[in-house]
Amino acid sequence: MEDASVYKSQHAKADAMTHQPVIEKRKPRADAIRNRERVLEAAKAVFSHGGPEASLEAVARRAGVGIGTLYRHFPTREALYEAVYRREVEQLVELAKHLETKIPPVEALRRWLQAGVEFMATKKGMAAALAMAAHGSSELVAYSLDRLTGAVGQLLQHAAAAGEIRADIDPEDLIRALVGICYAHDRPGWQAKVLRLVDVFTDGLRQRHAESDHREAQDAARAPEP
């Protein structure tokens, strides 16, 4: 009986030692999570400028981590690009939810499209690698289109229900229009030009009576007091 008790005790200790590393692996350390977020944020900033300076070494320097730390989280360039891309998509989804409840409908749509221009700048900076990632995974393309059209679709419905924009705007068409505007401009300073076009584009979505009310309000504001 004593031998059996000793055996059970030793066996329990062995089990504990055997399973402990598994438990630790399932829960990343806080510093590892912070490092991963720092790399993703740095990658967004570096990739949005594009060019030869947009290297993984530049990302590691900006994040304040060693290149080995970057590769531990993202073993390939494509893995980092895809992670940045997915993170940007989810941030746009969350932004749409926030804007819908905080500001007027048309302004919410305008600000979301402006944020979309920033997203497209990052995407253009890593276009080649994203093309490779998307070629190997149609799920990535479907995922991003579904999430983004869903987000902007909510903003469109909210603005249309308020009678401020046309109700026949397809959210996927709107996303494709934004992409087309961004990719039609490649020269330095293109983002500023596209942001001006976003203003024009957003105003073009307004209902005619809403535009008339807006002009009347502007005329009334400019009219001299009696």
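This is a short walk through helix 6 of a predicted model, its contact with helix 2 and its residue Trp112. Local features need pLDDT of at least 70, side-chain atom pairs count only at pLDDT 80 or more, and totals for chains, interfaces and linings use all residues. Residues are numbered from 1 along each chain as its sequence is written, and side-chain values use heavy atoms, with hydrogens and water left out.

Start with helix 6, residues 105-125. Helices here are DSSP runs of H or I, at least four residues, numbered from the N terminus. Helix 6 has 21 residues, and its end C-alpha atoms lie 31 Å apart. Of the 21 residues, 15 are buried, so helix 6 is largely enclosed by the rest of the structure. Buried means under 20% relative accessible area, with a 1.4 Å probe and protein chains only.

Trp112 sits in helix 6. At 1% relative accessibility, Trp112 counts as buried. Leaving aside neighbours within four places in sequence, its contacts (heavy atoms within 4.5 Å) are Leu92, Leu95, Ala96, Leu99, Leu148, Ala151, Val152, Leu155 and Ile175. Leu95 is 17 residues from Trp112 along the chain, with 7.1 Å between their C-alpha atoms.

Now turn to helix 2, residues 30-49. Its axis comes within 7 Å of the helix 6 axis, and the two cross at roughly 75°. Axes are lines fitted to C-alpha atoms over the stretch in contact, and angles run from 0 to 180 degrees between N-to-C directions. Helix 2 is therefore roughly perpendicular to helix 6 (65 to 115 degrees). Lys44, Phe47 and Ser48 of helix 2 meet Glu118, Ala121, Thr122 and Gly125 of helix 6.

Key:
Parallel < 35°, antiparallel > 145°, perpendicular 65-115°, else oblique. Expected span 1.5 Å × (residues − 1). Buried < 20%, exposed > 50% of the residue type's maximum accessible area, 1.4 Å probe, protein only.
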